[in-house]
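Good morning, colleagues. Please bring the model up on the screen, and I shall take you through several local features of it.

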Amino acid sequence: MLNDPRTVRITGDDTAAVFRRAVDVDAESHPGEHRGRPIPEAYVWCNLTSGNSSRALWLLLLPFMVVNLAHWMRPGADDRSRTARLYGLLVRLAGLTLTVLFAAAACEVALDLSAWQCAGTPACVAGHSWLGFLAPAGHGGGGWWSLPGRRLALAALVPTALTGLLWYLSRRTWAAYESQLPLTGPRQPEAAERPPALGRPGFWYGRRLVARLRAAHTAAGLLTVAAAVGTSAARFDRRPGGPLTLDVLGRLLEAALVAGAAVVLAVVCRRGRTEDRLDRALDAPLVRGLPLGALALLLLTAVYAGWDRPGWQSAGRLPGYSAFGGLTLLQGLLVVALAAVAGLLHRASPDPRAAMRGQGGPATALLACALGGVMSGGVCQRVADWLDGTRSSIPGAPSLLTWQASAIPPLLLVLLVLSAWLARRTWALRRAETAAVDRDYPGHPEDPARTRHIATARATAALTDRGPLLIAVTSATTLLLGAGAVGGALATGKDPSAAAHAAPAFLAGAAQTAQALGSWLIGLGFLLFVTAGRRAYQDTSARRTIGILWDVGTFWPRAAHPFAPPCYAERAVPDLTWRIATWTRATGGRLVLSGHSQGSVLAAAAAWQLQPSVRGRVALLTYGCPLERLYGRWFPAHFGPDALGSLHREADCWRNLYRLTDPIGGPVRPAGEDEPVVDRPPLKDPLTFGRTERHPLPAPILGHSDYQADPAFAEERERLLARLRPEVPAPRPQDQQQPADDG
């Protein structure tokens with residue numbers, strides 16, 4: 001970044017830091033030696049998304065990250081605050097269902113498939129000797145753990161430990177990211193209108209909300225485990241002639257579970273984000289008491305289930321497996337309600353550039369639920385196949401999971417047709433771009449292959465703008481197939497092949513093929529997922545590739561799910577604002593804030609957080625910038641034209657560079673753009689069509705990379721510097737320096 005191998009870290013730590021060239025470390029102390037040239041600094045933040053090997057485990061949190069994205073995709077309508085709060089509430093509830101689904105899947109594997117079905121079936125135990133100590137009497141077992149309730153209580157350690165691990169990871173990252181205090185102190189008055197969301201004092205400080213959500217989601221996971229442990233015992237105790245004491249205890253525990261679930265819902269629904277001020281409250285009694293109360297209830301349920309009950313045996317599937325169907329149905333209803341609310345917001349403040357007419361958030365929430373269902377169903381099916389692949393001794397996983405897996409081949413078929421259509425459109429666009437290439441390089445020698453290469457790069461880069469169509473088709477197809485899977489499972493109670501056994505031959509064959517292919521594809525996906533995680537754990541370059549995915553997904557604060565990967569911007573934005581504010585205060589100087597790709601988004605977020613007096617001394621230079629092309633379309637409430645227009649008016653100057661061959665960056669197009677304009681006309685890529693005196697070898701097509709190699713970069717930087725002070729200012733006298741902000 002600094003184009004010099006001799007660099008020095010001047011502030012920061014091993015996670016994120018600011019560097020200078022060694023010759024520029026004390027530039028402020030010797031202004032005469034640096035007169036007439038800028039002093040470059042580099043903020044390095046890559047370790048926030050692809051640091052140590054534990055980042056590979058974030059792949060397991062992918063559904064949580066995706067549903068958290070849906071929170072920030074709402075259409076912009078500041079005058080409909082109640083509707084916006086309802087939108088956030090629905091997304092938080094969808095996130096809660098994913099936590100319950102995670103815990104239920106862990107219970108299905110550990111409690112139902114292993115402890116209830118396999119350990120209670122002699123034929124299954126014979127093939128898995130490690131379950132022998134759980135086998136019932138008369139089948140080579142009969143030990144203390146052989147009773148069904150005790151088997152369930154022991155197996156509950158697995159989902160409890162997984163829930164505890166999520167709590168630990170969330171709390172550790174909460175202390176490292178959400179607890180980073182933004183720049184504070186007396187703020188100068190803003191304009192009369194409310195500042196954009198990213199410019200509000202509490203936007204990057206979600207400490208209180210994440211702590212509350214962490215407590216609620218941890219309690220929800222533990223209560224799910226408690227319900228799985230105690231339901232079968234309570235059902236057995238309610239039989240005619242059952243023990244009255246245990247029956248009463250079972251009903252009391254069920255009432256306590258319902259009350260705990262009500263408390264969890266109240267905590268999730270009660271409070272959203274606080275952005276207009278720094279909310280330093282923590283709700284410590286709630287944050288500590290709710291998970292501990294749920295854990296205590298789980299322990300009581302385990303003791304209750306482990307009580308000796310003569311005649312109790314495990315048979316069939318564990319009672320409560322139908323909860324998967326109810327959970328999937330609830331997720332579908334939440335998504336439909338979310339779509340209705342998003343439609344109201346979009347109609348109240350239409351934005352023609354918003355993706356899917358404001359329906360990007362509901363579509364993303366649906367995909368998060370589908371991803372969670374596929375991941376949990378894949379694990380359950382693989383474990384069921386491992387325990388008894390022929391299904392001759394145990395019933396296996398719930399039929400709904402098989403129906404969901406059978407929906408994967410039809411979905412892939414639809415996506416294959418869509419891909420063919422997109423390929424045809426791209427081919428047609430390439431033919432149109434061929435004429436545009438000839439106009440952009442007048443007088444170039446005839447080279448059809450070179451022309452086609454450039455035109456193909458432009459047409460391929462334009463595929464990014466087809467993203468809303470891809471998401472719309474995928475989400476709509478997923479919703480229809482998911483509804484069909486739930487309906488089929490609830491109506492028949494059988495797997496698709498068994499349900500279609502009496503149907504015409506074509507339908508029966510299609511059902512068998514979909515079920516077989518779906519099971520195979522889930523197994524392949526599970527294998528690829530584990531392989532990618534293992535490779536990322538061992539290989540830094542692979543971990544950086546995964547880090548690119550997190551660049552967008554973890555830019556946003558955790559507002560809907562506390563177990564999502566942490567928001568790196570809650571560390572990066574305070575880093576930048578503190579550095580800019582303290583440097584300008586100490587020197588009285590002005591600076592150019594330059595950012596590429598996701599760095600341009602961080603630069604804009606940092607500029608929004610500055611006090612107006614400081615922001616007026618900052619110029620922005622962005623290149624390969626996704627602010628409007630990606631963020632403005634998918635997150636219109638926060639990066640819409642009005643928000644970008646306000647940043648353009650408040651910053652001293654802003655210039656943006658982009659190429660037609662760049663699949664990520666594009667023009668900014670702020671609303672009400674005045675002089676000077678933000679966007680420079682698209683840069684030529686490649687710089688020259690053929691060989692020239694200056695470029696004797698063919699110039700490469702750079703696309704999204706290496707913008708600094710274009711002479712336009714240095715030209716725009718010089719123009720910005722010309723608007724700023726031409727020399728590096730000396731430090732102010734001690735009596736003229738302002739005191740540091742409190743905190």
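S399 touches R317, A489, G493, K494 and D495, leaving aside residues up to four places away in sequence. The model before you is a predicted one, and the values I quote are computed from it. S399 itself belongs to helix α12, which covers residues 399-406. Is S399 buried or exposed? Its relative accessibility is 9%, so S399 counts as buried.

With residues up to four places away in sequence set aside, C124 touches C118, L387, S393 and I394. From C124 to D351 the C-alpha separation is 59 Å, and the two residues stand 227 apart in sequence.

L621 is 200 residues from W421 along the chain, and their C-alpha atoms are separated by 37 Å.

Let me turn to helix packing. Two packed helices are described by the angle between their axes and the distance between the axes. Helix α20, residues 598-609, packs against helix α24, residues 641-650, at an angle of about 65 degrees, and the axes are 11 Å apart. How are α20 and α24 oriented to each other? They are roughly perpendicular, since that class runs from 65 to 115 degrees. The crossing of α20 past α24 is left-handed. On the α20 side, the residues in contact are A604, A607 and W608; on the α24 side they are A643, L644, S646 and L647. By class, this contact has 6 nonpolar residues, 1 polar residue and no charged ones.

W608 also takes us to the aromatic residues. It belongs to one aromatic cluster together with W45, W72, F203, W204, F555, W556, Y568, Y631, F635 and F639. How many aromatic pairs does the model contain? The count comes to 24 aromatic pairs. In one of them, the ring centres of Y623 and Y707 are 5.8 Å apart and the planes stand at 50 degrees, so the pair is tilted. This pair links distant parts of the chain, 84 residues apart: Y623 is in strand β5, residues 618-623, and Y707 is in the loop between β6 (653-657) and α25 (711-723). Both tyrosines, Y623 and Y707, are buried.

I close with the backbone. Most residues other than glycine have a negative phi, and most peptide bonds are trans. Which peptide bond is cis? The bond from D685 to P686 is cis, with omega near 5 degrees. P686 is placed in the loop between β6 and α25.

There are also positive phi values to report. N3, in the segment before β1 (7-12), has a phi near 55 degrees, positive although the residue is not glycine. N3 is exposed, because its relative accessible area is 78%. M356 likewise has a positive phi, near 55 degrees, and is a residue other than glycine. M356 is found in the loop between α10 (323-348) and α11 (360-388).

Notes:
Residues are numbered from 1 along each chain as its sequence is written. This is a predicted model: local features need pLDDT of at least 70, side-chain atom pairs count only at pLDDT 80 or more; totals for chains, interfaces and linings use all residues. Side-chain values use heavy atoms; hydrogens and water are left out. Axes are lines fitted to C-alpha atoms, for helices over the stretch in contact, and angles run from 0 to 180 degrees between N-to-C directions. Helices (H or I, at least four residues) and strands (E, at least two) are DSSP runs, numbered from the N terminus. Angles under 35 degrees count as roughly parallel, over 145 as roughly antiparallel, 65 to 115 as roughly perpendicular and the rest as oblique. A crossing is left-handed if the near helix is turned anticlockwise from the far one by less than a right angle, and right-handed if clockwise. Contact means heavy atoms within 4.5 Å. Ala, Val, Leu, Ile, Met, Phe, Trp, Tyr, Cys and Pro count as nonpolar, Asp, Glu, Lys and Arg as charged, and the others, Gly among them, as polar. Buried means under 20% relative accessible area, exposed over 50%, partly exposed in between (1.4 Å probe, protein chains only). Rings of Phe, Tyr and Trp (its six-membered ring) pair if their centres lie within 6.5 Å; planes under 30 degrees apart count as stacked, over 60 as edge-to-face and the rest as tilted.
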